[in-house]
Amino acid sequence: MPTTSHDTPLFSLPAAEALVQEHYGLTLKATALPGEWDRNILLSDASGPVAVLKLSHAAQERGLLELENAALEHLTQQLPEIAFPRLLPAQNGQTLLSCTSESGTAHLTRLISYLPGMLYAHARPHDKRLLASLGKSLARVDLALAGFSHPQLAHSLKWDLSQALWIEAHLECVEAGEKRERIAAILADYNREFVPQQATLRKQALYNDANDYNILVQGGEVSGFIDLGDMVESALINELAIAAAYALMGQAAPLDAACVLVAAYHETLPLTEGELAVLWTLIQTRLAVSVVNSAIERTAHPENTYLAISEAPAWELLSRMVAISPTKAHYALRAACGLPAHPDTEAIQHWLAANTAEFAAIAPIDPRVQPSTLIDLSVGSLELGGGDRWSADEIEVILEAKRRDSGAELVLGRYLEPRLLYAFPAFDQPGLERTEHRTVHLGADLFLPHGTPVFAPLAGTVVSVVDNRGAGNYGPTVILVHQAGETGRTFFTLYGHLDPACLTSLCVGQHIDRGQCFAALGRREHNGGWPPHLHFQVLLDLLGCEGDFPGVARPAERALYAGVCPDPNLILGVPGGINGEPEGNASLLTRRHQSIGPSLSISYQEPLQIVRGYGQYLYTADGQAFL
């Protein structure tokens with residue numbers, strides 16, 4: 001088991017000043033700095049900080065300090081654009097000295113250069129720019145360390161995430177109840193997700209301590225790193241997990257922040273699918289190691305407040321992370337790295353596309369062979385005529401006009417269309433720093449009269465039949481699970497805004513044949529207040545949801561949900577498609593010129609096109625909100 005605690009050297013500030021004068025020929029003023037086991041002392045002259053004196057604990061192995069020194073020299077040579085402390089030699093030319101503390105104990109001592117910059121922990125804001133900078137900088141450090149080796153790299157260390165199971169023996173140090181149960185659950189995930197895969201993951205020398213008190217920031221970006229004392233050879237993905245554990249602290253939306261950090265790292269040093277699969281678990285594991293270590297150290301050294309500096313924010317972050325489905329987190333991180341969000345996305349999409357012609361129509365009007373028309377409900381819609389919230393009566397008028405003008409009874413609402421229709425509390429995303437509505441439509445809408453029968457496009461089994469009540473909600477909702485032919489893979493279809501009769505006529509586990517009528521469209525008073533229509537959505541994973549699934553996503557989560565919810569037209573087969581992804585600025589400008597004339601052209605010359613206001617927010621053509 002790794003060593004968990006050491007006594008900090010007893011060394012006064014006057015003694016530090018005398019040591020530096022004697023061995024380095026420098027007259028400097030000493031100020032105490034925090035540290036876990038070592039005595040760290042800031043040394044300044046009249047112009048400001050100059051150096052840091054580091055006195056190691058008495059049990060410190062010389063070889064580990066030689067490892068750290070060698071790594072500093074290596075990184076300074078390989079990454080001159082990223083700041084690392086420089087070793088300052090004593091007058092005898094040595095960079096590693098031995099001195100005696102006031103208790104008579106010998107301690108190894110080094111003097112390193114002081115680096116300017118603000119600690120990440122104190123920098124504000126912790127925005128996307130800073131997160132991306134951290135991801136890219138850390139990836140560059142790992143690329144440089146890939147070529148570094150040293151005999152001392154393979155050592156036992158409590159901060160090595162690959163050795164995290166040592167905390168099992170110390171769970172009694174954590175407050176009994178919810179907190180202890182949370183740590184036990186994380187360890188269970190670690191044993192299930194990480195341990196079996198550990199041998200397959202890339203290993204190399206790691207910095208291993210990119211916490212918010214070891215990262216320097218200048219001008220809103222990461223400028224350097226300090227303290228290489230926790231270097232170890234371990235799984236590469238541990239590096240990113242450690243950084244994320246601290247960078248996500250204080251983030252209102254930790255998964256959003258993780259996606260920015262991980263995407264930036266991946267852009268510079270591509271991650272494998274196996275590494276992404278264990279990352280969310282490893283982030284929580286680092287937090288678990290941190291809070292258990294704090295509990296141990298608080299008992300052994302109650303006077304050292306630095307030992308618990310991350311404890312409260314770590315518990316807060318853990319409480320936010322537990323509310324996020326691990327599966328959702330995994331898929332979101334994949335999508336952030338440009339991979340299909342779901343590992344089966346491409347296989348199931350291919351199977352659906354190959355079988356579109358064989359599926360049964362889900363309504364009496366089959367859009368594959370019968371006329372239909374599209375309605376534009378997007379943020380940039382000209383059909384809606386302005387405004388941010390339309391009543392069901394107003395939409396009904398537009399629908400009737402579409403039917404009259406096109407001669408088609410079936411009106412279709414588009415997939416991935418950014419909309420501002422959802423001015424209901426149910427579409428707010430709680431817990432964010434500012435309100436962000438879910439605006440990106442994840443299914444297809446089939447607008448038909450109430451009572452219109454709904455058919456199963458292929459054989460399936462009922463996994464959910466629930467009345468999702470409330471303004472703007474689905475109302476009666478059915479979810480079926482299907483087999484994707486001989487692929488061995490499964491997927492789901494969701495049917496919302498149904499007549500309440502299905503709530504009693506269907507039950508979980510009931511088999512539904514291909515082409516079988518199993519429900520009908522509901523009236524406005526039953527389906528959340530919407531004009532009668534079917535919300536039809538394809539799902540590759542329920543992401544832990546029961547009886548419901550988001551039909552609309554936040555713009556920030558568009559890539560995730562687009563991967564988990566593929567185009568329903570793979571089943572519907574509408575000629576020309578129903579994709580409602582935002583059009584480019586040039587196309588939007590052309591349409592507006594045609595409808596309104598060229599008088600607004602000056603408003604559309606900037607790269608960012610604001611097309612709709614909504615309360616205190618402005619929305620771009622892709623439905624993204626900002627103040």
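Arg 110 forms a salt bridge with Glu 68, their closest N and O atoms being 3.3 Å apart, where a salt bridge is a side-chain nitrogen of Lys or Arg within 4 Å of a carboxyl oxygen of Asp or Glu. This pair links distant parts of the chain, since Arg 110 lies in strand E5 and Glu 68 in helix H2, 42 residues apart; helices (H or I, at least four residues) and strands (E, at least two) are DSSP runs, numbered from the N terminus. Both Arg 110 and Glu 68 are buried, a term for under 20% relative accessible area, with exposed over 50% and partly exposed in between (1.4 Å probe, protein chains only).

This is a predicted model, in which local features need pLDDT of at least 70 and side-chain atom pairs count only at pLDDT 80 or more, while totals for chains, interfaces and linings use all residues. Residues are numbered from 1 along each chain as its sequence is written, and side-chain values use heavy atoms, with hydrogens and water left out.

The structure holds 27 salt bridges, including these:

| Pair | Closest N and O atoms |
|---|---|
| Arg 62 and Glu 66 | 3.4 Å |
| Arg 110 and Glu 68 | 3.3 Å |
| Glu 417 and Arg 419 | 2.8 Å |

Arg 62 and Glu 66 both lie in helix H2 (residues 62–78), four residues apart, or about one turn of the helix. Arg 62 counts as partly exposed because its relative accessibility is 40%, and Glu 66 is likewise partly exposed, at 37%. Glu 417, by contrast, counts as buried because its relative accessibility is 0%, and Glu 417 and Arg 419 belong to a network of salt bridges that also links Asp 376, Arg 414 and Asp 445.
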